[in-house]
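Subject: Aromatic rings in the attached model

Hello,

Here is the structure we talked about. Please open it first and then read the notes below.

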Amino acid sequence: MTSRYRSSKPPEDLDSRTPRRRTVVKAAAASAVLAGPLAATLPARAVDQAPAFLHGVASGDPLPDGVLLWTRVTPVPEAIPGSGLGPDTEVSWVVARDRAFTTVVAKGSTTATAASDHTVKADIRGLEPATDYWFRFSAGGTASPAARTRTAPAADAAVTGLRFGVVSCANWEAGYFSPYRHLAARGDLDAWLHLGDYIYEYGTGEYGTRGTVVRPHAPAHEIVTLADYRVRHARYKTDPDLQALHAAAPVVAIWDDHEFANDAWSGGAENHTEGAEGTWSARQAAAKQAYFEWMPVRPAIAGTTYRRLRFGKLADLSLLDLRSFRSQQVKVGNGEVDDPDRTLTGRAQLDWLKAGLKASDTTWRLVGNSVMVSPFAIGSLSADLLKPLAKLLGLPQEGLALNTDQWDGYTDDRREILAHLRTNAIRNTVFLTGDIHMAWANDVPVDAGTYPLSPSAATEFVVTSVTSDNLDDMVKVPQGTVSAVAAPVIRAANRHVHWVDTDRHGFGVLDLTAERAQMDYYVVSDRAKRDATATWSRSYRTRSGTQKVERTYDPV
């Protein structure tokens, strides 16, 4: 890949709808029950060859002088994820400028232990900015696959362009991860953003799959314990398309609710039964531990995913944690959404975000945001469409116009951040969002009720799901059928929404220049087919200084 950067200087690293249902989980003892279903999904060499690198390799959180490397080693056949078994094992890593590893620039070793589920991370520093590197791991004479990564440009670099893949919401049981494969095949990504719901917590068949489990996950029950979360992460990391994308470019990831449990908040979750499923604090701690073990994420503040990365003078990226600190969701229509004592971000994170946006000297201020910030009213949909939409969003079936799991349920936080953008004349703020299983291109108005007379303070690009159910799946009709009816009604009730696709699965590609930020939306042909094709769907951009979205008719 040829460089699109001009750079040089030191690093900067700041500081981090679902259907409702109740199932009481009887968690099984770790090693014996987990071993069968997981081992059955691993390559044959898992049982007769060790050590082995069965879960791929990955990199993440690129800095101008470094990147975080990740892998998981299986030192002996019985050391399956979540088992707590297996000896301490020395794992070496090497970083080179070329795929043949003839020009080695860094190497070292660390120890994989059962205490970290035999996952390892190496936080590499001393690299050159805006540079492609190759890396691999080895243990006991066995080498991992080789992978590409890339450092960020220097903090003061005049960067001409950046390109990021953007994804969210990947339900293993609902289909294959072909969006990851198509992103990996591009070969032009500086990094890729995962905006949450990297895994799902439900038991087999309990979360939308059009009534068909395309491929069963492990463990079969809802995940509750540390062993459970480890096994579920491990299952995901066996997917060849996910492995390919992790091997193609560094990831920048945040979590949403399903890395824990549906509609999670600081003190619980809709999909958690206190007592029957243990305490929420124990379950949350287990989910976080497994996440940081299994993901190449560098937490700036322990236990959270909010942090900031910089990509030269062109962009900085503020990444949010909208689950750890939030108040409990309220019911629609009771007025509590406006309560200033309720919070989505928590005070410290909101102040951190405001300070970072104000201090930023980059052209673009990107915000990695797990739930939609733009206000959303449903409008007058027919009953047959309103019911599944309400179910997907977690709304009452009578269809009141609010989703309290999004920023709509925490309006005081939203008013504060949008007022901050306006008062301080902060331009070019772009929210990058997942969660809602639909694709959107939105202005973010200061006052949606008077828009377009009200100014727009920012813009928002929402990517659809990789596989998780959207409206056509819930109604069980062909792709595009629901969107043809629902999208015009949604746009009529939300004048700041330029486009919404309620039906398709896919991914986004965000391309930045000094003049504009453009999101190209791609859709896949069939999530239930391994060989699904991907096609360009639409593109929207915001031009520098406008704080508004407009359609453009070609992908970059």
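Is F325 buried, exposed or partly exposed? F325 is partly exposed, with a relative accessible area of 33% (buried is under 20%, exposed over 50%, partly exposed in between, with a 1.4 Å probe and protein chains only).

This is a predicted model, in which local features need pLDDT of at least 70, side-chain atom pairs count only at pLDDT 80 or more, and totals for chains, interfaces and linings use all residues. Residues are numbered from 1 along each chain as its sequence is written, and side-chain values use heavy atoms, with hydrogens and water left out.

Rings of Phe, Tyr and Trp (its six-membered ring) pair if their centres lie within 6.5 Å; planes under 30 degrees apart count as stacked, over 60 as edge-to-face and the rest as tilted. The count under this rule is 21 aromatic pairs. In one of them, the ring centres of Y180 and W192 are 6.0 Å apart with planes at 50°, so the pair is tilted. Y180 is in helix α3 (residues 178-186) and W192 in strand β11 (residues 191-194), 12 residues apart (helices are DSSP runs of H or I, at least four residues, and strands of E, at least two, numbered from the N terminus). Both Y180 and W192 are buried.

F325 pairs with Y306: the centres are 6.1 Å apart and the planes at 70°, so this pair is edge-to-face. Y306 counts as buried, at 6% relative accessibility.

W172, F177, Y180, W192, Y198 and Y236 form one aromatic cluster.

Regards
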